[in-house]
Amino acid sequence: MKKIQFLVMLLWLSVCFAEGAVHESPVPESNIRLVHGPYLQNLGPNEVTIVWLSDKPSVGWVELAPDDDTNFYAVERPKYYDARNGVKNTSTIHTVKIKGLKPGTNYRYRVFAQEVLSHVGHRIVYGYCASTDVYSRKPLVFKTSDPANKTVSFAMVNDIHGKNDVLTNLVSKCDLKKTDFFLFNGDMVSVFNEENHIFDGFMDTATRLFASEIPMYYTRGNHETRGAFATEFQRYFSPKETNIYYTFRQGPICFVILDTGEDKPDSDIEYAGITVYDEYRTEQAEWLRQVLDSKEYKEAPFKIIVAHIPPIGGWHGNLEVERKFMPLLREAKPDVMLCGHLHQFIHQDATAQTPFPIIVNSNTAVLKATADPNELKIQVVDVDGKMLDQFSIKK
Ligand SMILES: [Fe+2]
């Protein structure tokens, strides 16, 4: 009998110790850090998406404050969580789309990440928090767009291929106080094999220079489609949108962002059987047909098409753009088409066949533009400050 009692006690003790091990709270050993971003995506009149990364799995949120004369610490600011279907994401990358904003309005913001040390059943142990600084620095600010704005200015770079010095040089050619947004028109890196290719390649530089406060709209190039990490592209850019081809309005301009895919046939040895871009471009052409027929496009004083691969040159990708997109564009008559890809500057004037100019920006120049409802002015400046082109389109 005593032997049974002893065994029962042993069993009870082992259960207690096992439970103790599960319930023991891990002690945070190190601080969490924000390592990339925050940067703005898909900014519109009523919404913006903010992206940032931490070095440890965490939950994340944004605090938003009006850009008034109150201290950021005056009251508890509303919080917008990185969540999906009602559950906060535990991740090292955080994306929050804030909706319901007022057009043409400045907002101050702060982003957070709080480490998740363990998550077992309904028991979660949180670690330390990291945030952007609103104490010793001015809080970050963004301004929503306003379709009623009479004027707008923007700059476009492309084919940077991970050359941070070229990106820094070209951004320095822009007056950031007067630049409402940037366009990245593809091939910002040569290959996407891992996350660091994004941030080491161009995005940390872009964030340091402007992207926390000035929005950047990304047009994917063919090189962003290469590498094992290529399928992750949309976790970082346009993460809350349906597709990575999209439209947006800024001031008097409606922009149509196309994704022209790769430049060789899908069967080429270079893609190792992993691409289906012909099918993708066909599907996108159907979307383009609807966009070009929309009120948003038709009613904008100016219309600009942004596409990485131009309909110039005889490679398969160029021919696909010519075959699938150009017939629709010729009918819809945008004001200009902005391309890259060729690493050379080309200004092709409007012709009888193509009733709008096509500008191919080189890999060593920045295209800068300003517009009001009556005139769109474009100039192209290279890394040495030399003006390569200057022209205007009047209504
Ligand atoms: Fe390219």
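Mentor: In this predicted model, helix 5, which covers residues 277–292, packs with helix 7 at an angle of about 10 degrees, their axes lying 10 Å apart. Because an angle under 35 degrees counts as roughly parallel, helix 5 is roughly parallel to helix 7, and the crossing in which helix 5 passes helix 7 is right-handed. On the side of helix 5, the contact is made by Tyr-277, Asp-278, Arg-281, Thr-282, Gln-284, Ala-285, Leu-288, Arg-289 and Leu-292, while helix 7 brings His-316, Gly-317, Glu-320, Lys-324, Phe-325, Leu-328, Leu-329 and Ala-332. Sorted by class, the residues of this contact of helix 5 with helix 7 are eight nonpolar, four polar and five charged.

Two of them link distant parts of the chain, for Asp-187 sits in the loop between strand 11 (181–185) and helix 3, whereas His-308 sits in the loop between strand 15 (302–306) and helix 7 (316–332), 121 residues apart.

Helix 3, residues 195–211, has a packing partner in helix 2, residues 164–172, and here the angle is about 30 degrees with the axes 9 Å apart, which makes helix 2 roughly parallel to helix 3. Helix 2 passes helix 3 in a right-handed crossing. In their contact, Asn-164, Leu-167, Thr-168 and Val-171 of helix 2 meet a set of residues of helix 3, among them Asp-200, Phe-202, Thr-205, Arg-208 and Phe-210, and the residues of this contact divide into six nonpolar, four polar and two charged.

Two points of the backbone deserve a careful look as well. Most residues other than glycine have a negative phi, and most peptide bonds are trans. In the loop between strand 10 (152–157) and helix 2 lies Asp-159, a residue other than glycine whose phi is positive, near 55 degrees. The peptide bond from Gly-37 to Pro-38 is cis, with omega near 0 degrees, and Pro-38 has its place in strand 1, residues 34–41.

Note on methods:
Residues numbered from 1 in each chain as written. Predicted model: local features only at pLDDT ≥ 70, side-chain atom pairs only at ≥ 80, totals over all residues. Heavy atoms only, no water. Axes fitted to C-alpha atoms, helices over the stretch in contact; angles between N-to-C directions. Parallel < 35°, antiparallel > 145°, perpendicular 65-115°, else oblique. Left-handed = near helix turned anticlockwise from the far one by under 90°. Contact = heavy atoms within 4.5 Å. Nonpolar A, V, L, I, M, F, W, Y, C, P; charged D, E, K, R; others polar.
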